[in-house]
Amino acid sequence: MKLYEYESKTIFKKEGILIPDGYLASSPEEVEKIANNLKKEVAIKAQILATGRGKAGGILFAKNPKEAKQLANKIFSLKIKGFEVEKVLVEERLYPSSELFLGITYDLSQKKPVAISSSLGGIDINEISRKYPEKIFTLPINMAWGMQNYQGKLLAKNMGLKSKIMFKAANIAVKLFNIFSKYDCDLAEINPLILTQDGELIAADAHLELEQEALYRHKELEQLNIPIRKDSPRIPTEFEIEAEKIDKIDHRGVAGRVVEFDGDLGLLIGGGGASLTIFDAVRYHGGKAANYCEIGGNPTVKKVKELTKLILKKPGIKGLAVITNVLNNTRVDLVARGVILAMVELDINPSEYPVLFRSAGAYEEDGYKILRKYGIKYLNRDYSIDQAAKTAVEMISK
Amino acid sequence: MGMFVQIEIDYNKCKNVKNCKICEDVCPVEIFKFEKLDNNRKISVVEENIDECIFCNLCLEKCPQGAITIKKLY
Ligand code: SF4
Ligand code: SF4
């Protein structure tokens, strides 16, 4: 879950990293009031969950409250990378003597966290690594021991800092790592970390991304006024919200991660990343999917049943394709039970409804017996996912 | 009885054991429910969960009275 800058800064403040004096505003009038109270030149920063807002005009500086209000008007009318600006952060303007970079993320090849520092802050880290790879210093960190003080100093030294300021930066690096570990982050970044003219180090920007699967462990977020949500480029539809509720009925297996489309072929698909392949195959053969979804990890019969019901009740649905990879972790018989129960509860005769199964793997013989008993057409593992998608598309175009 | 699975308890056998609720403890999909009623106990089969049975056979193996029968209905 990506946090807004102001949310990340709430955590920084709590954990002892210096941030600029600032407040959140939802209207130009509020911006004017805050600028008035701060009695300083201010930075007005759009709060969106995307990078690149600076280049898009989402960060502006104002000399006085009146100008702040005018500039805020501009920012509130922006749409940056598809995001409307609903809130801005109004902060005292900082005058850097230098801008630095400090970040922590996971290195998937090393399978451990890696801390990154650079003397070039304020620009996108990918750009720094492309143009000035020699300016980037990376340091793997052992998760069990955490970041040691000497590692903090190494990171600070490689930002080009010396003496007292180096110690301060080292301290910030250790605190940032502690945040990374304590809040189960995938990414913790300060860009830029500003060295002010009077020798203070302040996190001018803050970027935290929390691991979605670990959010349940962080009840403290609520107290910090950080609502738990799912990253999504758009607001989920009713259909998607319902599907998510179904997936949450039970911790066992996945029968969710649904995305709604406006086609007529309902999909119950999954299998170790095969969902996307299946979805593509349906499109390739001219089919129009009503939804994308993922099933796997042995969801309960009830979860499969409820998800199938949701899909079958979707207006405009002409048929259902249950296609999975060859799975050892999702039983074919349990999926078949769920689908048939859904049909029976909706008063649909399974032998008359256009439904096609291509599932194979654990308990496939039991699954096929059930499908045969209820007159449902199925393809076994001799048929590829592509052939199954083609057959399903043809089934509903008849 | 579910649509795919039939599970029955022979209460004549089950009643012989005091406070036994082994089937409830071992079933991974919560098919048996134990209730304490005053001086009695009652084990029932949760109808809405029957079709979740994964045929792990734990209940059959562990029931000290051999009181449970399970049948596939396909
Ligand atoms: S066979 Fe397994 S899943 Fe089925 S009722 Fe017995 S313990 Fe539960
Ligand atoms: S394990 Fe057997 S004897 Fe014990 S409660 Fe269950 S059915 Fe009755």
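In which helix of chain A is A:Lys309 found?

## A lysine in a helix

A:Lys309 belongs to helix H10 of chain A, which covers residues 301–312. Helices here are DSSP runs of H or I with at least four residues, strands are runs of E with at least two, and both are numbered from the N terminus. The model is predicted, so local features need pLDDT of at least 70 and side-chain atom pairs count only at pLDDT 80 or more, while totals for chains, interfaces and linings use all residues. Residues are numbered from 1 along each chain as its sequence is written, chains are lettered from A and ligands numbered from 1 in the order in which they are written, and side-chain values use heavy atoms, with hydrogens and water left out.

Is A:Lys309 buried or exposed? Its relative accessibility is 14%, so A:Lys309 counts as buried. The cut-offs are under 20% relative accessible area for buried, over 50% for exposed and in between for partly exposed, using a 1.4 Å probe and protein chains only. Beyond its neighbours within four places in sequence, A:Lys309 touches A:Ala342, A:Glu345 and A:Leu346; contact means heavy atoms within 4.5 Å.

## A proline and its partners

Now look for A:Pro28, which sits in helix H2 of chain A (residues 28–38). A:Pro28 has a relative accessible area of 11%, so this residue is buried. Setting aside neighbours within four places in sequence, A:Pro28 has contacts with A:Lys69, A:Ala72, A:Asn73 and A:Phe76.

## Rings and charges

A pair of aromatic rings is described by the distance of the centres and the angle of the planes. Rings of Phe, Tyr and Trp (its six-membered ring) pair if their centres lie within 6.5 Å; planes under 30 degrees apart are stacked, over 60 edge-to-face, and the rest tilted. Over all chains, this rule gives 7 aromatic pairs. One is A:Tyr4 with A:Tyr6: the centres are 5.6 Å apart and the planes meet at 15 degrees, so this pair is stacked. A:Tyr4 is partly exposed at 22% relative accessibility, whereas A:Tyr6 is buried at 19%. Elsewhere, A:Tyr106, A:Phe177 and A:Phe180 make up one aromatic cluster.

Charges can sit over rings too, if NZ of Lys or CZ of Arg is within 6 Å of the ring centre and within 35 degrees of the ring normal. A:Lys314 lies over the face of A:Phe239, 5.6 Å from the ring centre. The charged end of A:Arg331 is 3.5 Å from the centre of the A:Tyr363 ring, over which it sits.

## Chain B and its ligands

Chain B has 3 helices and 4 strands, in the order β-α-α-β-β-α-β from the N terminus. Of its 74 residues, 41% count as buried.

Which residues are closest to ligand 1? They are B:Cys27, B:Cys53, B:Cys56, B:Asn57 and B:Cys59, out of 13 that surround ligand 1, where a residue is near a molecule or strand if one of its heavy atoms lies within 4 Å of it. This shell has 12 nonpolar residues, 1 polar and no charged ones. Here Ala, Val, Leu, Ile, Met, Phe, Trp, Tyr, Cys and Pro count as nonpolar, Asp, Glu, Lys and Arg as charged, and the others, Gly among them, as polar.

Around ligand 2 you will find residues including B:Cys14, B:Cys20, B:Arg41 and B:Cys63. Helix H2 (22–26) and strand S3 (40–45) of chain B are the elements that each give two or more residues to this shell. By class, the shell around ligand 2 has 9 nonpolar, 1 polar and 1 charged.
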